[in-house]
Amino acid sequence: VSFLAAMSSATFDLQWKEGMVELIDQLELCDPQSSAAARSRIESLDATEQFQHFATLYIRYLQIFRRLEESYDQTVHPQKRRDVRKSLDGVIGRLLELREVLVEKNGGVPFFNLDEVLVDLKLGPEVLEVPVPKYIVEDQGRTLAERERLLDALLKRHASLDEQGEEDPAVQMDIDEALKIIQANERGRQGQQRAEGVKAAREREAWEERRRAAEEEGDEDGPEAAATSLQAAWRGSASRRATALMRDEELVFIGMAPPPPFPKEGDPRLRERQTKARRKQMQMQHEAEYRDALVAQDAVVYETEGPDMKEEMMDQLRDWYIRYREREGKFPDFPPEEVEKPMPGDAAEGAEEKGADAKKDPKKDGKKDGKKGAEDDGEGPPPLPPHFINTMKDSYQEWSDKWQHRDERLNFAQRHDVELVRQSVRPDVELRVRAEVNELIGRELQNLQEEFERAQGKKGKKGKGGKKGKGKKGKGKGKNGKG
């Protein structure tokens, strides 16, 4: 089973790869929101050529959407499915944007003809069918099941109320009406029976007449005539059967009749449904294992890497408040209002440069800002960033870095990758460790501040006591000298 899963998973991995390669080709060469060359080329075209270009782009993205949707539906690797989902969401969003562009190029009419584009691309009309992503129904499976149960309960309740409110129609029927219905049915049955008997009698009479005529003609050509009759009947029947079979095949071929049903043992559609159902079960199993691994690896990373993270963070923060103490002459408040990240090198020089820039003539800066503001007003507001284009680029980069060259020949069952799980939980562990480090550094700074204040207080008292002792000693010497 694992070997078969790996083989079929290789098919969907290849489908994912083809979709991503086609996606990056469209982004780099054809999509005007992503490629400056494509944008300049489209601006030089007329309205009809622009419509054809966006229609071609729409069909290409639709093909990519089909590949990614099927790959996401049948991939059993939980981490791959999450990355495919990112690409799929970006492609769906870009499809909607391109459809809006086509509607705009078509004069606001939401129905447009793409037959010429399909002929140029040598594609059939089925390419334009937009399938509903299966994950939309699967992700809401629990909600839909609860809704179905609620509707069934309401229907049953409504049916029971109708049964209680309405009376049985058979109770309202009179005996005369029931007898009339029975008599009509019985007379009809008897008439059909008499008609069948008359038909059978006529067939027997015709057969007897043919037999008597054959006996009157004589027995000289009897066997040969019988054989000829049998041959003619058999050949006619065989020809009619062959003609009917050819007619049925022709109707199936041109799509005017449904194909004959396959036997259940060799029906490929049944086997496909069974395979998909088995892969869905594997998806659920691997997803549960992946979620358990997230919890387990979170604890493992916290135990194994947490102490090193804590030590590194403590060293960075200690170096930070020591530099602050040397620069300001006091310990900083922690946590500060604006958290200062420990900067390697000359942090004070950077602050001095910023201060020097702030001392420049504000009038000149105001004039420059006014000119820039006027230029911005002339150009208009900046365009919004292409969200879905950036999503697709990020997903391609992630696929290229993570999955394109990864060797998974030993992962026959297509379970989660432990190292990738650790990479995903490491930021959460870092946040937890940072919270602990902040608490420890806060206590440490509080203790140092208290110790510093006590030292300052002792130093002040000691200075006052030394001055008083010197004055008394001088006075004593003067008295002794006089004496």
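1. Leu 251, Phe 253, Ile 254 and Met 256 make a nonpolar surface patch of about 470 Å². A patch here consists of residues with over 30% relative accessible area and no salt bridge, with nonpolar side chains (Val, Leu, Ile, Met, Phe, Trp, Tyr) joined within 5 Å and like charges within 9 Å. Areas come from the Shrake-Rupley method with a 1.4 Å probe, and for residues only the protein chains shown count as cover.

2. This is a predicted model, in which local features need pLDDT of at least 70 and side-chain atom pairs count only at pLDDT 80 or more, while totals for chains, interfaces and linings use all residues. Residues are numbered from 1 along each chain as its sequence is written, and side-chain values use heavy atoms, leaving out hydrogens and water.

3. Met 256 sits in the loop between α10 (222-253) and α11 (268-304). Helices are DSSP runs (H or I, at least four residues), numbered from the N terminus. With 63% relative accessibility, Met 256 is exposed; exposed means over 50% relative accessible area, buried under 20%, and partly exposed in between (1.4 Å probe, protein chains only).

4. Helix α11 has 37 residues and spans 51 Å from first C-alpha to last, close to the expected 54 Å. The expected span is 1.5 Å times one less than the number of residues. Buried residues in α11 include Arg 279, His 286, Tyr 290 and Asp 298. The C-alpha atom of Asp 298 is 10.0 Å from that of Pro 427, 129 residues apart along the chain. Pro 427 belongs to helix α16 (residues 418-482) and is partly exposed, at 42% relative accessible area.

5. The model has 29 salt bridges, each a side-chain nitrogen of Lys or Arg within 4 Å of a carboxyl oxygen of Asp or Glu. One of them joins Asp 83 and Lys 402 (3.4 Å, N to O). Asp 83 is in helix α4 (residues 78-105) and Lys 402 in helix α15 (residues 387-402), so the pair ties together parts 319 residues apart in sequence. Asp 83 is buried at 7% relative accessibility, whereas Lys 402 is partly exposed at 23%. Asp 83, Lys 86, Glu 398 and Lys 402 are linked in a salt-bridge network.

6. Asp 89 and Arg 85 also form a salt bridge, their closest N and O atoms 3.3 Å apart. These two residues are four apart in helix α4, about one helical turn. Asp 89 is partly exposed, with 33% relative accessible area, and Arg 85 is partly exposed at 24%.
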